[in-house]
Every structure is written in structure tokens, then in C-alpha cells.
Amino acid sequence: MNSMSIELNEKQFNKVSQLVYQFSGINLKAGKEALVRARLMKRLRALKMRSFEEYMSHIENDEGSRELGLMIDVMTTNKTNFFREVEHFNYLRDKILPELRKPRMKFWSAACSSGEEPFSLAILLRDEIPKIESRDVKILATDISTTMLGRACEAVYKEETLRDVPELLLRKYFIKNRKEQPPTYRVKDSVRQMIKFAWLNLMLDTWPMKGLFDVIFCRNVMIYFDKPTQQKLINRFWHFLEPGGHLFVGHSESLSSISHKFKYVRPATYRK
Ligand SMILES: C[S@@+](CC[C@H](N)C(=O)[O-])C[C@H]1O[C@@H](n2cnc3c(N)ncnc32)[C@H](O)[C@@H]1O
């Protein structure tokens, strides 16, 4: 059967958008039909199903909600790369770290995708903090996509996602695998050990983390949420930051139309 002939009708699209929104906050507005259909087709192919009608009844009758999780997984946009929006990393190196002279530091990458963001952070910290082994430096990296978390835990990357990693850091913190063509790069264990990867849906009523963070990265995920959801999230981050702690958001995610208590520091950078 030609997959192009499988139609996602308006009712099915609305039901899927509603489920995705309720569970993940991701707002699939009208106009996103083609995108939703293309992404859902991945699930239909995996399940060898021939219609969205069949898929919708599978979702509705799926008692453990396992399929819902898998559906959310395919609906997420996971684009990322090492040292993306490098101004944040430069600011962290030049302004935040020199001020953060405490033995214990905690960072959170709150939508870490396949790991490039928390690994960039860990590499920067390892490279900048003298005698880092004698200090307690921890990074929590969370995401809603189990597929992406699986990739992050593998920590193996292709050259294209590494193009913004300076050559020196590439040699210092990655192991090149020449057996693969094109070669791949594996993050060294010394860097991997600094990060704990965990599944977390930012929409959950309670977040299980204990203690406060010095810096939270929540970049390029709020663009998928509507204003009330962004508003709620920003207020919650406030309570998870140390006084004086920093929040980085994506450069296209200004907080200008959100009411919050943060001090604006520079584009996409806020301070408690
Ligand atoms: C475009 S990536 C951003 C990755 C990285 N922060 C960056 O800026 O390069 C967005 C990530 O947000 C995750 N995401 C979407 N909704 C989420 C939610 N409700 N809770 C946690 N993560 C979510 C997606 O799975 C995806 O990996």
C-alpha cells in the first residue's frame, strides 16, 4: 500500500494534538497537519498498521499508555548541536564561573535532546575549572524523549554535530573511531561521569529534584509551548534556582511577554 494514500482526517488530527498537548505541552496548531502525519507514519510503519483509524483505536485501548509515550517521542523536535548558541557558553566561562567559587555546583539541562548541550557544558567545565575532581560539580540532563536519552547515554556523535567544537577540545575530550566511515566520536568517560541523564516531562506537577541549581539551561523547547505553559514553566524555574542563579533560554524565546521576577542580563540570559 502506498503510504501517501493513508489519510489523517481532521478529527484524528485534533485528537492527536489534544493528547500531545495534554501530556507534553507541545502545541501542534492548525497548519501542522502534514508534519503530524509524517511523524505519526513512523509509528504506523513500526506497528505495521494501514490506517490512522487503526492507530487511534490502538492508542485509546492501550492500557499502560506505552503507545502515548512513543507517540510523544516521534512528535518532539530534537535538533541540536554541540556549543549551540555559543554566547551562553562564553558568558558562563567569562562571567558566571569566575563568580561561582563554591565547592559544590549544580547545573540542569532541562531539554537535553541527544546530549550535545550537557556534554558541551561538561567539556567547558572540565576545561575551565582547575582541579575539578576535588570539587562537587554535577549536571542533570533531562528530556521527555526516551529515544534521545538513549542516544545521549551512548555519547557517540557524527562529525556534523561537532563542527562547533574547537579542534583542541575535540582531541582532548573525544575518542575518534576510524573504523566507522565517516568516523564517529565518543565522549570520554571523564566527561560522561559528570552527567546524570534522566527522563523528565517538564509538564509533570512535581519535579523530583532536590536542591537548587546554579544554572538552568532550558533552550529551544519553550517555542513548542503556548504562553500559559511558558509562564508556568518560567515561574517553576525560579524556585529551582539558587539566589543569583542563571537561566538560559533559546535566543528565539524572549521572556518579554511573560511576567517573571528574573533580572534580564543579556539576550536569552536571566538571573534570579
Ligand atoms: C530542539 S530540542 C532542544 C535541545 C537543546 N536544548 C538545544 O537547545 O539544542 C527540544 C527538546 O525538548 C524536548 N521536550 C519537548 N517537550 C518536552 C517536555 N514536556 N518535557 C521535557 N522535554 C521536552 C524534546 O524531546 C527535544 O529533545
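Guide: Terms first. Helices (H or I, at least four residues) and strands (E, at least two) are DSSP runs, numbered from the N terminus. Residues are numbered from 1 along each chain as its sequence is written. This is a predicted model: local features need pLDDT of at least 70, side-chain atom pairs count only at pLDDT 80 or more, and totals for chains, interfaces and linings use all residues.

Visitor: Which residues does the cis peptide bond join?

Guide: Q181 and P182, with omega at about -5°. P182 sits in the loop between β4 (174–177) and β5 (184–187).

Visitor: Now α1. How many residues has it?

Guide: Helix α1 has 15 residues, 10–24. From first C-alpha to last, α1 reaches 21 Å, close to the 21 Å expected at 1.5 Å a residue. The expected span is 1.5 Å times one less than the number of residues.

Visitor: Which residues of α1 are buried?

Guide: Q12, V16, V20 and S24. Buried means 20 or more other C-beta atoms within 10 Å of the residue's own; exposed means 12 or fewer, and partly exposed is in between, with C-beta atoms placed from the backbone.

Visitor: What's on the face turned away?

Guide: The exposed residues E10, K11, Q18 and Q22.

Visitor: And what covers the buried residues?

Guide: The cover includes α2 (33–47), α3 (52–60) and α4 (66–75).

Visitor: At what angle do α1 and α4 pack?

Guide: About 95°, with their axes 10 Å apart. Axes are lines fitted to C-alpha atoms, for helices over the stretch in contact, and angles run from 0 to 180 degrees between N-to-C directions. That makes α1 roughly perpendicular to α4. The classes: under 35 degrees is roughly parallel, over 145 roughly antiparallel, 65 to 115 roughly perpendicular, and the rest oblique.

Visitor: Which residues make that contact?

Guide: L19, V20, F23 and S24 of α1, with L68, I72 and M75 of α4. Contact means C-beta atoms, placed from the backbone, within 7 Å.

Visitor: What about the ends of α1?

Guide: N9 lies in the segment before α1. N9 counts as exposed, with 12 C-beta neighbours inside 10 Å. Just after α1, G25 takes a positive phi of about 85°.

Visitor: Is E85 buried or exposed?

Guide: Buried, with 20 other C-beta atoms within 10 Å. S113 is buried too, with 26.

Visitor: Last one, A198. What does A198 touch?

Guide: A198 touches L140 and T142, not counting residues up to four places away in sequence. A198 and L140 are 58 residues apart in sequence and 7.6 Å apart in space, C-alpha to C-alpha. A198 is in strand β6 (residues 195–199). A198 counts as partly exposed, with 13 C-beta neighbours inside 10 Å.

Terms used. Two residues are in contact if their C-beta atoms, placed from the backbone, lie within 7 Å.
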